Amino acid sequence: MSTPALRVVHETGPGPDLEAAEAAAADLLTALGISLDSESLRGTPGRMARAYAELFTPRPFDLTTFPNDEGYDELVLARGIPVRSVCEHHLLPFVGVAHVGYLPGERILGLSKLARIVEHFACRPQVQERLTKQVADWLDEQLEPRGVGVVIEAEHSCMTLRGVQAAGSSTVTSTLLGTLREDARSRQEFFALTGING
């Protein structure tokens with residue numbers, strides 16, 4: 001008997017009000033002393049509004065899982081999943097990669113869904129620590145694997161372009177659940193395969 005796919009959508013609520021966002025963006029730029037009179041800047045508030053609306057709107061997807069008929073019990077790992085999000089403190093982007101792995105239980109996941117889950121939680125104002133934990137917790141709840149591991153490496157423009165201006169610095173966060181947290185050998189294998197020294 002097949003299990004129906006879970007349809008994953010962003011939290012329900014009102015969609016973006018692009019007209020209000022454009023007006024607010026124009027007010028912000030004007031308040032910062034940027035004149036919108038030139039031809040090249042006249043459309044900037046609308047472009048800003050549409051860009052942030054896109055950054056904050058993940059695509060819906062079906063969480064497709066399959067029976068683990070072969071009893072596969074080794075690590076499944078997707079490395080280098082692109083991550084782009086926006087720091088909730090400055091609304092500046094952070095970009096990097098996520099490494100997401102799990103030890104299968106009764107079901108296995110369609111591989112592209114690991115990237116979809118990362119995108120789903122990244123498409124909102126975020127902090128990297130929460131994003132890492134949200135991806136791991138959600139996989140643990142929905143898939144019920146024997147273990148889950150998530151590592152995110154990202155460069156934060158709120159740290160590289162302003163303030164300390166630490167160009168080239170990156171931040172690494174991790175969340176380990178189940179066997180990947182409790183068993184030292186499994187944990188070491190996960191970190192070795194991600195390229196992180198555990």
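Mentor: Contact here means heavy atoms within 4.5 Å.

Trainee: What kind of model is this, and which residues count for local features?

Mentor: This is a predicted model, where local features need pLDDT of at least 70 and side-chain atom pairs count only at pLDDT 80 or more, while totals for chains, interfaces and linings use all residues. Residues are numbered from 1 along each chain as its sequence is written, and side-chain values use heavy atoms, with hydrogens and water left out.

Trainee: How many helices and strands are there in the chain?

Mentor: Eight helices and nine strands. Both are DSSP runs numbered from the N terminus: a helix is H or I with at least four residues, a strand is E with at least two. The C-alpha atoms fill a box of roughly 65 × 40 × 20 Å along the principal axes.

Trainee: And which domains is the chain divided into?

Mentor: Domain 1 (18-56) and domain 2 (63-194), with bounds from an automatic or database domain assignment. Their C-alpha centres lie 33 Å apart. Four residues from domain 1 and six residues from domain 2 make the contact.

Trainee: Now Ile117 in helix H4 (residues 112-122). Why is Ile117 called buried?

Mentor: Buried means under 20% relative accessible area, exposed means over 50%, and partly exposed is in between (1.4 Å probe, protein chains only). Ile117 has 1%, so it is buried. Buried residues make up 38% of the 198 residues in the chain.

Trainee: What is Ile117 in contact with, leaving aside neighbours within four places in sequence?

Mentor: Phe61, Leu63, Leu109, Val135, Trp138 and Leu139. Take Leu139: Ile117 and Leu139 are 22 residues apart in sequence and 8.3 Å apart in space, C-alpha to C-alpha.

Trainee: Leu139 is one of the buried residues of H5. What span should helix H5 have?

Mentor: The expected span is 1.5 Å times one less than the number of residues. For the 16 residues of H5 (residues 128-143) that gives 22 Å, and the end C-alpha atoms are 22 Å apart, so the two agree.

Trainee: Which residues of H5 are buried?

Mentor: Gln128, Leu131, Thr132, Val135, Ala136, Trp138, Leu139 and Leu143. They cover an arc of only 160° around the axis, so they sit on the same side of H5. The arc is taken from the directions that run from the helix axis to the C-beta atoms.

Trainee: What makes E7 and E9 edge strands in the open sheet?

Mentor: The order of the five strands is E7-E4-E5-E8-E9, with mixed pairing. Two strands pair if DSSP finds at least two bridges between them. Strand E7 (125-126) and strand E9 (171-178) each pair on one side only, hence the edge label.

Trainee: How many bridges join E4 to E5?

Mentor: Nine, between strand E4 (residues 76-87) and strand E5 (residues 93-103), which run antiparallel. Val83 stands opposite Gly96 in E5. E5 and E8 pair in the antiparallel sense over 10 bridges, and the bridge partner of Val95 in E8 is Glu155. Eight bridges join E8 to E9, again antiparallel, with Ile152 opposite Thr173 in E9.

Trainee: How many residues of strand E8 are buried?

Mentor: Eight of the 10 residues in E8 (residues 147-156), so "mostly covered" is the description for this strand.

Trainee: Which residues does the UniProt "binding site" annotation cover?

Mentor: In the unreviewed entry, the annotation covers Cys87, His90 and Cys158. They span 72 residues in sequence, yet no two of their C-alpha atoms are more than 7.5 Å apart, so they gather at one spot. UniProt positions follow the numbering used here, feature names are shortened, and annotations may be inferred rather than shown by experiment.

Trainee: Are Cys87 and His90 buried or partly exposed?

Mentor: Cys87 lies in strand E4 and has a relative accessible area of 6%, so Cys87 is buried. His90 is in the loop between E4 and E5, and its 39% makes His90 partly exposed. Not counting residues up to four places away in sequence, Cys87 touches Leu92, Phe94, Gln126 and Cys158, while His90 touches Cys158 and Arg162.
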